[in-house]
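Reader: Please show me the sequence and the structure, and then let me ask about them.

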4 protein chains.
Amino acid sequence: MALMDINVAPLGTGSPSVGGFIVEMQRLLAKQGLPYELTDMGTTIEGDIDQLLAVAKALHESPFLMGAKRVYTVIKIDDRRDKETHLRQKVESVKERLQ
Amino acid sequence: MALMDINVAPLGTGSPSVGGFIVEMQRLLAKQGLPYELTDMGTTIEGDIDQLLAVAKALHESPFLMGAKRVYTVIKIDDRRDKETHLRQKVESVKERLQ
Amino acid sequence: MALMDINVAPLGTGSPSVGGFIVEMQRLLAKQGLPYELTDMGTTIEGDIDQLLAVAKALHESPFLMGAKRVYTVIKIDDRRDKETHLRQKVESVKERLQ
Amino acid sequence: MALMDINVAPLGTGSPSVGGFIVEMQRLLAKQGLPYELTDMGTTIEGDIDQLLAVAKALHESPFLMGAKRVYTVIKIDDRRDKETHLRQKVESVKERLQ
């Protein structure tokens with residue numbers, strides 16, 4: 001399993017606020033069936049690489065469906081195949097070691 | 001105020017695990033006096049651009065102090081000057097609109 | 001048409017050098033039939049979003065086939081649908097305006 | 001020496017074109033005295049970590065000086081301290097090995 005952090009930003013929308021686009025993307029994500037978590041700087045999603053890239057496609061297309069002319073998407077994928085990785089696991093592990 | 005997402009990865013360490021480096025960076029962050037939150041794919045920090053870049057420098061140097069020979073750092077900065085932005089604010093706002 | 005910048009880094013390989021992995025990825029890219037350009041910090045590829053994500057998958061898998069246990073991939077996609085965009089076009093346009 | 005890839009995007013400008021901002025940033029870069037290269041997806045700059053973060057600050061501020069209200073900046077830094085790294089070196093090395 002891998003984790004993906006994705007941020008999809010419409011450019012040239014005429015307003016610095018992009019909350020409406022993010023709300024729509026979260027609705028879309030809720031239907032995908034993969035564990036995910038909204039963070040302040042993106043959304044983290046858990047899945048295998050095929051699942052993650054399929055979700056990336058859907059999220060990237062979303063602002064175009066809402067009228068955007070240009071979309072800038074940044075994706076980070078951390079894919080570890082020597083052991084299972086799940087959402088919140090890295091955070092919990094580091095927090096334990098900090099105590 | 002701006003938000004920064006930063007991920008600092010040592011390359012060529014001989015082990016796919018980098019938890020020890022992340023723990024050390026979190027200790028370092030705790031001393032900086034800026035609001036921050038560890039996520040699965042990085043750390044999000046709140047501050048003005050000078051504060052954020054100073055912290056980025058400290059975090060980026062950290063693995064070298066622990067013996068790493070090469071460090072790969074990815075930074076995303078979302079800087080909005082038409083209104084105040086704080087950690088957890090975007091997440092809370094989107095969650096409210098989703099209800 | 002969109003442009004994608006992709007950087008695929010194996011973690012925990014035991015050596016700070018990753019040139020062998022990059023050479024293999026360039027060989028793989030040459031077979032994909034899309035325009036691309038190697039830069040110092042990644043590879044830029046031109047295509048539509050489906051083509052780009054298919055190539056991203058292939059490049060991301062490549063280090064695993066060479067024995068890597070963990071791969072960290074960073075992707076930036078700039079997708080503009082109000083006009084055609086091609087490799088080298090933005091660079092040429094800016095250079096012209098700078099003269 | 002390290003290499004930095006930086007992309008600075010103004011959000012909410014009302015136009016999907018951001019060429020004017022990029023031209024201004026290239027003018028600014030030309031005055032900094034560091035080796036750099038404009039690519040289709042960003043600008044790659046060579047320097048030590050302090051020089052690179054100082055340039056990142058200047059580039060990030062540039063769209064605000066031109067009236068932008070929100071700026072989204074993505075930075076990748078590849079910092080190798082076991083040997084010298086220079087602009088175009090990685091590209092040349094990979095191209096040689098591909099022949």
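Reader: How many residues of chain B are in contact with chain A?

Author: This is a predicted model, in which local features need pLDDT of at least 70, side-chain atom pairs count only at pLDDT 80 or more, and totals for chains, interfaces and linings use all residues. Residues are numbered from 1 along each chain as its sequence is written, while chains are lettered from A and ligands numbered from 1 in the order in which they are written. Two residues are in contact if their C-beta atoms, placed from the backbone, lie within 7 Å. On chain A, 27 residues take part, and the number on chain B is 27.

Reader: Which element of chain B gives the largest share of the side that touches chain A?

Author: Helices (H or I, at least four residues) and strands (E, at least two) are DSSP runs, numbered from the N terminus. Among the elements of chain B that each supply at least two residues to this side are strand 1 (2-11), helix 1 (19-30) and strand 4 (70-80). The largest share, 6 residues, comes from helix 3 of chain B.

Reader: What relates chain D to chain B?

Author: Copies are superposed by least squares on the C-alpha atoms of residues with pLDDT (the predictor's confidence in each residue, from 0 to 100) of at least 70 in both. A rotation of 180° with 0.0 Å of shift along its axis places chain D on chain B, with an RMSD of 0.0 Å. The two copies are thus related as by a two-fold rotation axis.

Reader: Which residue of chain D comes closest to that rotation axis?

Author: The distance is taken at the C-alpha, and its value is 2.5 Å. The residue is D:Ile75.

Reader: Which residues of helix 1 of chain C are buried?

Author: A residue is buried if 20 or more other C-beta atoms lie within 10 Å of its own, exposed if 12 or fewer, and partly exposed in between, with C-beta atoms placed from the backbone. The face turned away from the buried side of this helix carries the exposed residues C:Gly19, C:Arg27 and C:Ala30. Buried residues of helix 1 of chain C pack against elements including helix 2 (49-65) of chain C and helix 3 (89-98) of chain D. The buried residues are C:Phe21, C:Ile22, C:Met25 and C:Leu29.

Reader: What is phi of A:Arg88?

Author: Most residues other than glycine have a negative phi. A:Arg88 sits in the loop between strand 4 (70-80) and helix 3 (89-98) of chain A, and counts as partly exposed with 15 C-beta neighbours inside 10 Å. Although A:Arg88 is not a glycine, its phi is positive, about 75°.
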